[in-house]
Amino acid sequence: MIIASACFATMAALIKAVGPSLPIPEIIFFRSIMPLPFFLGILIARKQRLIAHAWKTLLLRALFGFLAMSGFYYALTHMPLAESVFLGRTQPLILAILAPWIVHEKPTGAVWAAIFTGLLGIALIIQPSFGWLPAVWASICAASASAMAHLLVRKLNRTDEPLTIVTNFFMVSALLSSIWTAHQFVMPRADLWLLLGAIALFSTAGQYLMTLAYRMDHAPVVAAASYASIIFSILYGYLFWQEVPPPLAWAGGTLIVAGSFILIRSRV
């Protein structure tokens, strides 16, 4: 999940680089359609299932994943990179609350302590900087949808192979985004094709590694490891956009990372 988080942070920086040049649904479309031939080819070569056994759960996972992408991409293009990723870290609390009902996993005391430490950090981040702007709401709603998607991935791993789950997710996302972007399609410039290809590459690697992670461990703990994306996002924001989080955001980020270490240590 830590490696997946590095991939997702790189993807986020690339999406921010594309910025307003392309509509959000079009970015989602290219992100989904580009890796499809590769994954379909692997499934056919291995003679694995092209459609998940639990296809109803897969459709729900894809829908929540699509909503999460839409909200997250909007936030990335309307607020600083690091702060956007910070706000996305509300996901573990939602994940822990939903886990007992969705995948029948009860969080331990250490998990709750780590999550509330992270939430305190998030409160420090959003208090001085934003107020309830649309981008903030979009980021938090995206985190909620992402939490549901991650729990459903955990559930799908009980019935289907990770490669089938990822391939089906891209298929549904490509279909939904193609419908959404049909009336506002913009032909990408030559330089944007390279960025779109890189977005597809890093998002695909992150998606597959995340799916494997949820196959190996409990949902709240795996989600906590995704805090690593914060470090990469701060670095990218500074290097490419000269974005420096304010002091309280740094303090909040420290608490969020501390929560990650509490969870990781609880597994040792």
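This is a predicted model: local features need pLDDT of at least 70, side-chain atom pairs count only at pLDDT 80 or more; totals for chains, interfaces and linings use all residues.
Reader: What makes Cys141 buried, exposed or partly exposed?

Author: The relative accessible area of Cys141 is 47%, and since the word buried is kept for values under 20% and exposed for values over 50%, Cys141 is therefore partly exposed.

Reader: How many disulfides are counted?

Author: A disulfide needs a pair of cysteine sulfur atoms within 2.5 Å, and by this rule the count comes to 0.

Reader: How do you know whether Ser5 is buried or exposed?

Author: Ser5, which lies in helix H1 (residues 2–18), has a relative accessible area of 1%, and because the limit for buried is under 20%, Ser5 is buried. Leaving aside residues up to four places away in sequence, Ser5 touches Ala225, Ser226, Ala228 and Ser229.

Reader: Why are H9 and H10 called oblique to each other?

Author: Helix H9 (residues 162–181) and helix H10 (residues 190–216) pack at an angle of about 135 degrees, with their axes 9 Å apart. Roughly perpendicular covers 65 to 115 degrees and roughly antiparallel begins over 145, so H9 and H10 are oblique to each other. Their crossing is right-handed. Among the residues making the contact are Phe169 and Phe170 of H9, together with Tyr208 and Arg215 of H10, and by class the contact has 8 nonpolar, 3 polar and 1 charged residues.

How values were computed. Residues are numbered from 1 along each chain as its sequence is written. Side-chain values use heavy atoms; hydrogens and water are left out. Axes are lines fitted to C-alpha atoms, for helices over the stretch in contact, and angles run from 0 to 180 degrees between N-to-C directions. Helices (H or I, at least four residues) and strands (E, at least two) are DSSP runs, numbered from the N terminus. Angles under 35 degrees count as roughly parallel, over 145 as roughly antiparallel, 65 to 115 as roughly perpendicular and the rest as oblique. A crossing is left-handed if the near helix is turned anticlockwise from the far one by less than a right angle, and right-handed if clockwise. Contact means heavy atoms within 4.5 Å. Ala, Val, Leu, Ile, Met, Phe, Trp, Tyr, Cys and Pro count as nonpolar, Asp, Glu, Lys and Arg as charged, and the others, Gly among them, as polar. Buried means under 20% relative accessible area, exposed over 50%, partly exposed in between (1.4 Å probe, protein chains only).
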